[in-house]
Amino acid sequence: MIAVEQAAHTSADSVENVGEFSHDADAPVLRLGEVPLRRTVELVRIDLPTDTMVPLLERGIVPGCRMCPLRQSPSGDPILLVDGVVLALRREMAECLRVRDIAPDAD
Amino acid sequence: MSSECGVATTDARVESGSVRSGSVLVALVGPPNSGKSTLFNQLTGLRQKVANYPGVTVEKRLGHARLPDGREVGVVDLPGVHGFAARSLDERVAKDVLEGRAPDMPAPDGVILVVDSTRLEPQLMLVEPVLELGLPTLLVLNMTDELERRGGGVDADALAERLGVEVVRANARAGVGLDRIRAFLANVASGAVAAPVAAGGVGTADAAAHAATVEGSAAAADSMTAADSTTAANPVAASDAGVATSPSRPRRIELPVLDTYVDRRGRIRRIGQQARYTPPAPSWLTERLDAIFLHKVWGPLIFFVVVALVFQAIFAWAAPLMDGIEALVEVSGAWLSDRLPDNWFRSLLIDGVWMGVGSVIVFLPQILILFLFLGILEDSGYMARAAVIADRMMYKVGLQGRAFLPLLSGYACAVPAIMAARTVEDERDRLATIFVVPFMTCSARLPVYTLLIAAFIPDRPLLGPFFGARAATLLGLYLLGAVAAVGTAFLLKRTLLRGESTTFLMELPPYRLPTLRSLAIRLLDRARIFLRRVGRVILTVTVVLWALTQFPRVDGQAPEVDDSALGRIGHVIEPVIEPLGFDWRIGVGIISSLAAREVIVGTLGTIYGIEEATETSTELRDRLRRDLDMGSGIALMVFFAFALQCISTIAVARRETGGWKWPAIQWAYMLTLAVIGAFIANRIF
């Protein structure tokens, strides 16, 4: 089972990162709210209490995943594209999601 | 009254109660809006609510699927969940059923996990918790046709191999893949499907024995020797408990929750890659429509037009239908009355039952029109956008966007509205929503308002010919309810339900055309629920009231209402309600309307001794005007705007909050507000 070996290797290096993407380690860490529309970024950290974080985690939104702000709701809250899912959240939560640019060649 | 046989097809039976003992039960699990309910309908024949809005299955539904060989398998449709952290009521219900702890049904013998292929990877986050149940499992990749149409793809066989479970490509809406799903049911019924490998996750000896017999058991063995993580080695088992006897935990134990999900997400991504999963291109139509519906200016504008349209439909378009039903009830009542001998039985049947039930059935068109509109909004996917637009406003008063649907439904009836509050994930937000829903002006208040406005408010123009004093009063009463709801929510979130909630996550599903079939089923369902309510509560109250007006007998005849048991009760409470401007008749009306608000119309009709007591009855209006002044009339309207005069609402609030505490607080609070409001109104006007 190839899956087994790969899983064993990658999940050992870092839990902050799923390990699939080559991100630009030098890129500054931003708040999701600061990211311009249509720019794909990688989630690095979620600064929320566990209880509040679980709904995100259950939807597969974990550090290492990529997201892209698609548009803003009329009240200015972000609407994201994450793993093919269009997801609306509040800007208060977006402020707690730390992201970083993906290296240009990673795409 | 039951239309169940009307909706179920010949090859299926549906029960709302328990499963027969000894029968096989399979549970349908999946994230919200993945097509579970559609599949459930296809399997069992029951057409139930299926919507393009997260969280439609508010209760578990049970049906029986008939297999080709004639055997029957019980199928339970669980609420859509993203996981089993048991944060929301839906998650608790799903978890309890799957673990065999639901009081009314046995533990399931198998699980069908339904996922939307167009969002495969995040939806597969449920795979591991489901496999950990250790039950025979089938993974249904729903909507693979849409995935491929939008340029995506997945190798179902590779996925099956990686996960160690059977995988079926399906399109539940079109019935594609049903044969293999039925075959799975048949195999479960025969005990021919083994539990999946990850069954080891639950750590029972039984499950471990199963695991050893199934392909992939090597994974379980591997994990026993994995040096640094119990979870890393097994492609599907992520449980902290693990198969492994090794006590070693993943690194960074200070964040075990995060670790679990990060690891799981990584495994899912890898499995997705191995199954050559290509996500679909974003739907062009959905992108274009969202650009309009979520536009800074057009978005809110369209939102308000939609809400206005729903109101217009409930009040203007339903009117001819309601008039028709009303006329039908009166004509048929008179026809029946002419053909029966004049005795107590005729009095009970015509004055009590026929007119009492008739005055309530009148609301059926209104309720059905509301649910038709809500159905279109949900199935099309617009409701999720509406929730996003409403969220900021709701957040300011202490609620959240998901409360928009319950509150809007509250304008028809608080009972389905309170149940719809289950989609509100945050428990405090959900309780606050349930608490304020009864302030929304439900259609049962409408006949009361109509009668009182006609009796006490002069018909004179205010703003042009189309907006008069009567319309203004009705609008004022609607606003009064909405303001009370907002104020109460604001208050609650600063007192009993204090706490910051930032969790508002709303998936915006692709826009889809609602199917006529799904809309029709939804309306049938609603009609059935409503008629059942009429049959039980309203009928009982009407009959009891009628009986109270018939005793004590005077010379074998019914007494004057004033001297009857009902009249005596009224006189006892008269001093209490006198400061509000009410007399004993109104008092009796208020007591009887504890069962349901609209009952007061029938009660007053009975008391005033008018046979055709309906809300447009001129005689009733005239009698009221003679007994009460305008101040009392307005006080009565304000009373009904606030008071929780509805047994069904109290019952559903008890069920949804799990006890009497919340409905008791709610009832007392609303009654206090109603008495104070009526007192003030009586002084002002």
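A salt bridge is taken here as a side-chain nitrogen of Lys or Arg within 4 Å of a carboxyl oxygen of Asp or Glu. The model is predicted, with local features needing pLDDT of at least 70 and side-chain atom pairs counting only at pLDDT 80 or more, while totals for chains, interfaces and linings use all residues. Residues are numbered from 1 along each chain as its sequence is written, chains are lettered from A and ligands numbered from 1 in the order in which they are written, and side-chain values use heavy atoms, leaving out hydrogens and water.

Over all chains, the whole structure holds 36 salt bridges. One of them pairs B:Glu287 with A:Arg38, at 3.5 Å from N to O. This pair joins two chains, because B:Glu287 sits in helix α12 (residues 284-293) of chain B and A:Arg38 in the loop between β1 (29-31) and β2 (41-46) of chain A. Helices (H or I, at least four residues) and strands (E, at least two) are DSSP runs, numbered from the N terminus. A network of salt bridges also links A:Arg59, B:Asp116, B:Arg119 and B:Glu507.

Within chain A, A:Arg45 and A:Asp47 form a salt bridge, their closest N and O atoms lying 3.1 Å apart. Buried means under 20% relative accessible area, exposed over 50%, and partly exposed in between (1.4 Å probe, protein chains only). A:Arg45 is partly exposed at 36%, as is A:Asp47 at 32%. In chain B, the side chains of B:Arg150 and B:Glu146 meet at 2.8 Å, N to O, in a salt bridge; B:Glu146 is buried, at 12% relative accessibility.
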